[in-house]
Amino acid sequence: MLSNNRLRIEGGVPLRGRVCISGAKNAALVLIAASIMAKGETILDNVPYIEDVNVLIRILQEMGVKVHWNEDHSLSIQAPDDMIRVQASADLTRKLRASNLLLGSMLGRQAKVAISVPGGCDIGLRPMDLHIKGVQALGATVDIKHDSIFAERENSKGAPIYLDFPSVGATENIMMMAALTPGDSTIENAAKEPEIVNLASYLNAMGASIRGAGTDVIRITGVPELKAVRYSTIPDRIEAGTYMLAAAATGGEVVLENVIPQHVYPVIAKLREMGVVVEEQNPGELLVKTPGKLKPVDIKTMPYPGFPTDMQPQIAVLLGLSSGTSIVTEGIFENRFKYVDEMTKMGAHITVESSTAIIDGVQSYSGASLYAPDLRAGAALVMAALAANGISRIYNIHYIERGYEDLPDKIRSLGGEMVKVNDGAEDSDAMRRMMLKVI
Ligand code: EPZ
């Protein structure tokens with residue numbers, strides 16, 4: 001049943017101040033999945049407290065893995081010494097696409113796994129053919145029945161694997177399985193995202209032998225076992241990009257803390273082309289400010305180090321306030337323009353033709369009632385509402401809470417007028433409660 005939880009946003013306030021970027025959702029999820037391969041208790045730092053992470057924790061707990069948050073916000077994970085239950089409930093795994101990362105880690109750890117064909121955001125077809133071809137090449141037999149993937153391995157051994165497309169998930173699953181598979185494996189045309197490098201360094205810290213992560217070719221020599229360690233998740237480059245664009249869209253001035261500039265360079269390059277000032281002030285900090293009118297630019301989303309698809313809706317919203325016409329081409333997913341109808345309600349001029357959006361800049365947006373269609377489109381609507389004249393209400397916020405930690409608090413700490421209103425409450429009640437909290 002759809003909830004009436006919503007975000008109430010009064011726009012038009014330039015965001016100002018400092019914001020600390022959380023750990024990366026897409027790194028934390030795969031590090032948690034990989035932790036079941038280790039003997040002993042793993043401690044992960046900088047894990048964001050978001051819905052996707054909590055769903056994965058519940059999945060592992062159902063499979064018999066001990067997982068708990070510590071007082072210092074770190075996460076403890078301890079898999080049993082013997083077999084982990086091979087399958088978690090479909091209800092849970094269907095909620096989270098990243099549950100498919102248990103394919104590689106479970107096959108690395110033990111001979112058997114069953115996972116539901118995953119759900120998650122509906123941004124495209126998202127098949128798993130490359131994952132399956134990869135684990136089969138390493139000796140697994142795979143059977144798909146009743147929306148579940150059953151995989152087993154007997155005499156698995158290292159092998160050369162070529163990916164038709166540099167899929168992030170397939171690279172991660174193959175890397176995890178190969179880490180504990182006897183012999184040498186290579187992954188050619190591998191994904192190069194920072195999350196891949198974070199995973200490889202984590203596995204190596206546990207005793208794996210992986211070289212070349214971050215390049216097109218990853219080389220892995222299987223080892224007999226991995227030992228648990230304490231490790232940290234990298235900062236979230238997509239959360240960082242979202243705050244940089246929110247600062248630019250509201251004409252504000254914001255310093256981001258706990259960010260790795262190189263990871264967001266594709267976004268920095270486009271912001272600078274639009275006339276936004278982005279400066280690295282101190283190590284791990286970025287200043288973003290908007291001196292004048294935004295210039296139009298063209299964007300095509302690509303695998304890293306190209307422009308990230310997870311920033312496409314947000315940059316489209318920013319380009320909608322530029323002084324001309326921009327073309328945004330989605331090169332990764334088939335169905336990632338679902339925010340356009342919602343933006344039209346705010347006065348945006350965006351037309352979509354198959355995988356391209358033509359964006360004619362307008363002077364400003366007007367507040368409206370909006371429905372988030374998925375995680376990143378939801379974040380883009382929040383940006384638009386912060387820049388708009390008047391009040392907006394954003395529904396389906398469960399999508400946004402999947403991937404952004406403490407969003408209302410962080411936006412308020414930058415001076416933004418935003419409050420979460422729970423189902424059944426009046427806006428005014430929530431605002432009164434927020435004011436009392438502030439006082
Ligand atoms: C990861 O998804 C991220 N999710 C996504 O972030 C991100 O958009 C995506 O990488 C691309 O950067 C996580 O890390 C949990 P892919 P993943 O496999 O691994 C096709 C967000 O908002 N493909 O690189 O699922 C696929 O259909 C999310 O945080 C196949 O054809 O992405 C897509 O078109 C959304 N066959 C393309 O490759 C396969 O077997 C990229 O997918 C696998 C993928």
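**Close-up views of a predicted model**

**View 1. Helix α6 lies across strands β10, β11, β12 and β13.** Here helix α6 runs at about 25° to β13. This is a predicted model, in which local features need pLDDT of at least 70 and side-chain atom pairs count only at pLDDT 80 or more, while totals for chains, interfaces and linings use all residues. Residues are numbered from 1 along each chain as its sequence is written, and side-chain values use heavy atoms, with hydrogens and water left out. Helices (H or I, at least four residues) and strands (E, at least two) are DSSP runs, numbered from the N terminus. Angles run from 0 to 180 degrees between N-to-C directions, and axes are lines fitted to C-alpha atoms, for helices over the stretch in contact.

**View 2. The four strands under discussion form an open sheet in the order β10-β11-β13-β12.** The pairing in this sheet is mixed; two strands pair if DSSP finds at least two bridges between them. At the edges are β10 (160–162) and β12 (209–211), each of which pairs on one side only. From one strand to the next, the twist averages 15°. Look for β11 (residues 184–188) and β13 (residues 217–221), which run antiparallel and are joined by five bridges. Within β13, I218 stands opposite I187. As a reminder, strands of a sheet pair through backbone hydrogen bonds, either parallel or antiparallel.

**View 3. Helix α4 packs against helix α6.** The axes of α4 (residues 102–109) and α6 (residues 168–179) are 7 Å apart, at an angle of about 5°. The two helices, α4 and α6, are therefore roughly parallel to each other (angles under 35 degrees count as roughly parallel, over 145 as roughly antiparallel, 65 to 115 as roughly perpendicular and the rest as oblique). From α4, the residues L102, L103, G104, S105, L107 and G108 meet N173, M176 and M177 of α6; contact means heavy atoms within 4.5 Å. The residues of this contact divide into five nonpolar, four polar and no charged. For this sorting, Ala, Val, Leu, Ile, Met, Phe, Trp, Tyr, Cys and Pro count as nonpolar, Asp, Glu, Lys and Arg as charged, and the others, Gly among them, as polar.

**View 4. Strand β18 (residues 285–289) is mostly covered.** Four of the five residues of β18 are buried, meaning under 20% relative accessible area, with exposed over 50% and partly exposed in between (1.4 Å probe, protein chains only). Strand β16 (residues 253–257) runs antiparallel to β18, with five bridges joining them; E257 has E285 as its bridge partner in β18. Strand β17 (residues 277–279) is also antiparallel to β18, joined by three bridges, and V277 is partnered by K289 of β18. The hairpin of β17 and β18 has five residues between the strands, and its G284 takes a positive phi near 80°.

**View 5. A second open sheet has the order β23-β24-β1-β25.** Its four strands show mixed pairing. The edge strands, β23 (369–371) and β25 (417–421), each pair on one side only. Neighbouring strands here are turned by 20° against each other on average, direction ignored. Strands β1 (residues 6–10) and β24 (residues 391–395) run antiparallel, with four bridges between them, and I391 of β24 is the bridge partner of E10.

**View 6. M343 is found in helix α11 (residues 340–345).** With 0% relative accessibility, M343 counts as buried. Leaving aside neighbours within four places in sequence, M343 is in contact with V317, A348, I350, Y365, L381 and A384.
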